[in-house]
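Subject: A structure for you to explore

Hi there,

I am passing on the structure I promised, and I hope you enjoy turning it around on your screen. Please have a look at it first, and then read my notes below.

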Amino acid sequence: PAFFEVDLQLDGVGVRMVPAVEEIQAAINGGAVAVLKCSKRIDAWDTVTIPKNVQLILNPNLPPVQGTGGQGTFYDRIAADKEILKVVLLLTGSVQSTKNNCEQYLTKFKDYEWCWKDDIAKNYKKFIEGEPTLDDFEVKLKYFVGLEKEVEKWNPTHQISALMLQTTSLQKSLKELANTWKEAFAKELHKDAYAKLEQVFEMVKRTRKRLLREVTSGDIDALAYVMNTLQEVRQKESEIELEFIPIEHMYRILDENLPNSLGKDEQDLRSMYKKNWDDLLSECEEKQKDLALYQIQYRKDLIKTVNTFKKDVVQFRATYERNGPMVKGIPPREAVERLKRFREEYEVRGRKQEIYYVGEDLFGVPHQQYPALDQTKQELGYLGTLYDLYVAVLETIKEYKEYNWADVPEYMETMQKTIDSFAGRCKRMPKQLRDWPAYGELKKEIEDFQEVLPLLQELGKPSIMPRHWQQVMEMTGKELPIESDDFKLSALIEANLNEFVDEISDICEGADKQLVIEQKIKEISQQWEGLFFDFGGWKQRDYPCILVGAKVGETQEILEETMNQLNTMNAQRHSIPFKEELTALITTLSDTGDTIEKWFKIQQMWTSLESVFTGGDIAKQMPMEAKKFSQIDKDWVKIMQKSAETKLVVPCCTNDMLKQMLPVLGAGLESCQKSLESYLEGKRNKFPRFYFTSDPVLLKILSQGSDPESIQEDFEKLFDAINRVQFDKVDKKKIMKILGVVGSAVESVDMVTPVMAVGNIEDWLLALEYEMQRSVRKECRNAAIMCPQILNGLTLSEFGNQTIAQVSLLGIQLVWTEDFQNALTRMAVNKDKKVMGEANRKFVQMLSDLVALCLTDLGSKMNRTKFETLVTVHVHQKDLFQDVWKMVKQGLVKDQNDFEWLKQTRCYWKTDQDHAVVSIADVDFVYSYEYLGCKERLVITALTDRCYVTQSQALGMFFGGAPAGPAGTGKTETTKDMGP
């Protein structure tokens, strides 16, 4: 037998047990513990405290239990009994083992999950989208009813082990859900059935009411109305009866699946609708019989009435022709009134004609024709088209005239569309109406308003100012109180604006351009009100003392663009209203531009002179100018600080103090500049190489002349190849060497006599120049002594490493010249035929050695440049020798006095003069001994040699030379290369 009853309930998510298996098991465990602990207060004679392992089995959360006596309690003995412990252990898992069986039983209810999980509205929507028939509805509802019956058949209980599962609550919930689904699907069906039922009821009610209309003698309209109703009933009888079938079907479905769902009123309608329909059919038959009795009298009355109507139509036509709207000569407005009256009269007769026509159909009488009435209808239609438009145009324009002028721009688009529509309708009028005065007047009204509309649109623009309205009033001669709140459009239209179309268009166009000018002037004014200078410090001065050049340049560009715009606007005829404002703005900005230009020019002079006169050697040598500059400097700082407080461009430039002081400062700075220029000219006269430097560089050099170390970077600006100098380690004023630097490599030349860098800088620079030439000359002398030893115990590598680059180059030129000339001399004097070959072999050997050196690691870029330059020059020397040797073989060259030899660039060391001499033809040049460093040389060609000959001849005759030829052929480089 079952010990526990468990209720199965639906919680919206699934079926659950109440209570759950876990809760039942906990209750059993608690009961077992309670039973065991009943005797814990009863003392036993032979017991001790309950063993801890027993307590842990029963309930590990309880504190240890001990009896009050020394022998323990019966609880101790019971808890220690193995059989009892076995039973307790079985009880603790007795119900838990049935959990899986319970869960398996609950899975049978998953087939019904859709009842509580699916959305009814979505399912019904999907069902309706399939356009279901009544049979589909019936199947669906029967399915829900079947579900209810199926649930009812469930057993109310189901036992699993010691648990008795009760399904009554679950059955109830599922039946309610099935009923909810059924009602949801039946609701729309019910609604449709009831709507169709009411529709039938209303149709019957409406038809019965129509049949009850009284038909009196001569009332053809009522007779026709009733007869048409009878005819409609006969035509729709079968159709209406077919509609009863689906109504019956729907209600049958509802009765079977939702009994007792209909209200009392609906039940009454359902039970009476067929009877009402049958009653209506009976009434129709009765009405048909009644009408048949009076048919002959009705026919007689109809014929009599039609004859009377024919006479009335003739009389109506005569009155229309005599007093109608088509009478010639009447004003259009009177014609409108007549048209309105005759339209009303025609509508009465037209209605009668329709009624009589129906009566003739009813009684089989031939249809009567009314040509006069038809003609009147046609004419009224034409006239209606014309005069309806005429009235609409007049009333619309009248309405427009009442608009306040301030509101007109808002309605301008609507007015334009309406008038354009009127114009289109007027153009589409029938031709026969175009000769009527009303058409001409209508067309004129439309055209006049169309012509004035653009003028109104133009006058409504924001650019139109009171001055323009004054021009319009002077032109039209009308007073237009435009500022008044009651100023209406009618006043403008009455001013006959269309007579002054061109003049008003010109005024409006000018207003637009004036607005553009006014806006541009305002923009420019606002722009210059917010434009400001940027101020900065200068060198060690950390306070505002100069204008930032980039901002000044930007301001001048803006100013130039603005002035162009203002001058362009000023030249336009539409700028007359703003002439005074424009002139003032042009004057202000023009003065501002002049001030900025003058200010920046003075700043440039101040910045260039500031470092000169505020410290250094120059200030000491020009004390008067330094004192004068000191006062100028104070004034300059004062105006700059004042301007920095203002910042804005125009206020700064129009400041009276600035405008007064700038000319004074400019004159003072120009005086200092002239004095400085005279000072610099004197320095250049003393040391001409200063002419190759700019004034700023020269000032820098002169101001640091007392500190030679600080001008190390400037030596290359004064000398061709001296990059730096080396001072004595002890005496920092004594120059020991000159240095040529290429990357990390350094070439040095020892001074024959050290130069003391003391006194005026130009003096010790002159001394440095002189000692440079002496030192290079010494190097050349030593190289001339070493030259005969080349290839005779001294290799080219050793020679090159022992001499500086330019001396190495001069050395191989000395060797080549000496050997070449000796070979020619010995050939001519001693008739030595082998000497030319020997010389050639030496030159070839020198070239081979140089090329081999270039293929080795030369240690530095400078060393490689040196030997590559030697190769470049010696290749040309070898080729020249071979060319002359060829001519010797041909007998064209006889000795050393032949021009083919003399025209070459020949280098000699004249021991008697102790100088290196360069000879070309009959012109000799003493080597200048300028230190040239280590530089590359151009490849020498035959054209190069010709340039050398020509230019050397010119120099020999104290003339200049200017090689000519296409661009990029080497004219400049050849001329430069001739010097080194």
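Here is what I found, one region at a time. Please keep in mind that this is a predicted model.

**The four-stranded sheet**

Let's begin close to the start of the chain. An open sheet of four strands is found here, in the order β2-β1-β4-β3, and its pairing is mixed. The strands β2 (15-18) and β3 are at the edges with a single partner strand each, so one side of each has no neighbour in the sheet. On average, neighbouring strands are turned by 30° against each other, ignoring direction.

As a reminder, strands of a sheet pair through backbone hydrogen bonds, in either a parallel or an antiparallel way. You can find both kinds here. β1 and β4 are parallel and share four bridges, while β1 and β2 run antiparallel, also joined by four bridges.

Next, look at β3 (residues 157-160) and β4 (residues 163-166), which run antiparallel and are joined by four bridges. Q166 turns up again here, as the bridge partner of T157. Further along, Q159 stands opposite M164 in β4. The two strands form a hairpin with two residues between them, and S161 in the turn has a positive phi of about 60°.

Which helix packs on this sheet? It is α5 (residues 99-106), which touches β1 (4-10), β2, β3 and β4 and whose direction makes about 150° with that of β3.

**Another hairpin**

Further down the chain, strand β5 (residues 535-538) runs antiparallel to strand β6 (residues 541-547), and three bridges join them.

**A helix with a kink**

Now move on to helix α25, which covers residues 656-686. Its 31 residues reach 46 Å from the first C-alpha to the last, close to the 45 Å expected at 1.5 Å a residue. Where does α25 have a kink? Look at L662, shortly before the proline P663: the kink there is about 25°. At the start of α25, a side-chain oxygen of N655 comes to within 3.0 Å of the backbone nitrogen of M657.

**An aromatic pair**

The structure holds 13 aromatic pairs. One of them joins F687 and F719: the ring centres are 6.4 Å apart and the planes stand at 55°, so this pair counts as tilted. The pair links distant parts of the chain, 32 residues apart: F687 is in the loop between α25 and α26 (695-703), and F719 is in the loop between α27 (715-718) and β7.

**The three-stranded sheet**

The last stop is an open sheet of three strands, with the order β7-β8-β9 and antiparallel pairing. Which strands are at its edges? They are β7 (724-727) and β9 (745-756), each of which pairs on one side only. Neighbouring strands of this sheet are turned by 30° against each other on average, with direction ignored.

Between β7 and β8 (residues 734-742) there are four bridges, and R724 stands opposite L739 in β8. While you look at these strands, remember that side chains in a regular strand alternate between the two faces of the sheet.

Two helices lie across this sheet's strands. Helix α28 (residues 761-786) lies across β7, β8 and β9, and runs at about 115° to β9. Helix α32 (residues 861-889) lies across β8 and β9, running at about 90° to β9.

Best wishes

Technical notes:
Residues are numbered from 1 along each chain as its sequence is written. This is a predicted model: local features need pLDDT of at least 70, side-chain atom pairs count only at pLDDT 80 or more; totals for chains, interfaces and linings use all residues. Side-chain values use heavy atoms; hydrogens and water are left out. The expected span of a helix is 1.5 Å times one less than its number of residues. The bend at a residue is the angle between axes fitted to the seven residues ending there and the seven starting there. A polar contact is a pair of N or O atoms within 3.5 Å; within protein, one must be able to donate a hydrogen and the other to accept it, and residues adjacent in sequence count only if both atoms are side-chain atoms. Two strands pair if DSSP finds at least two bridges between them. Axes are lines fitted to C-alpha atoms, for helices over the stretch in contact, and angles run from 0 to 180 degrees between N-to-C directions. Contact means heavy atoms within 4.5 Å. Rings of Phe, Tyr and Trp (its six-membered ring) pair if their centres lie within 6.5 Å; planes under 30 degrees apart count as stacked, over 60 as edge-to-face and the rest as tilted.
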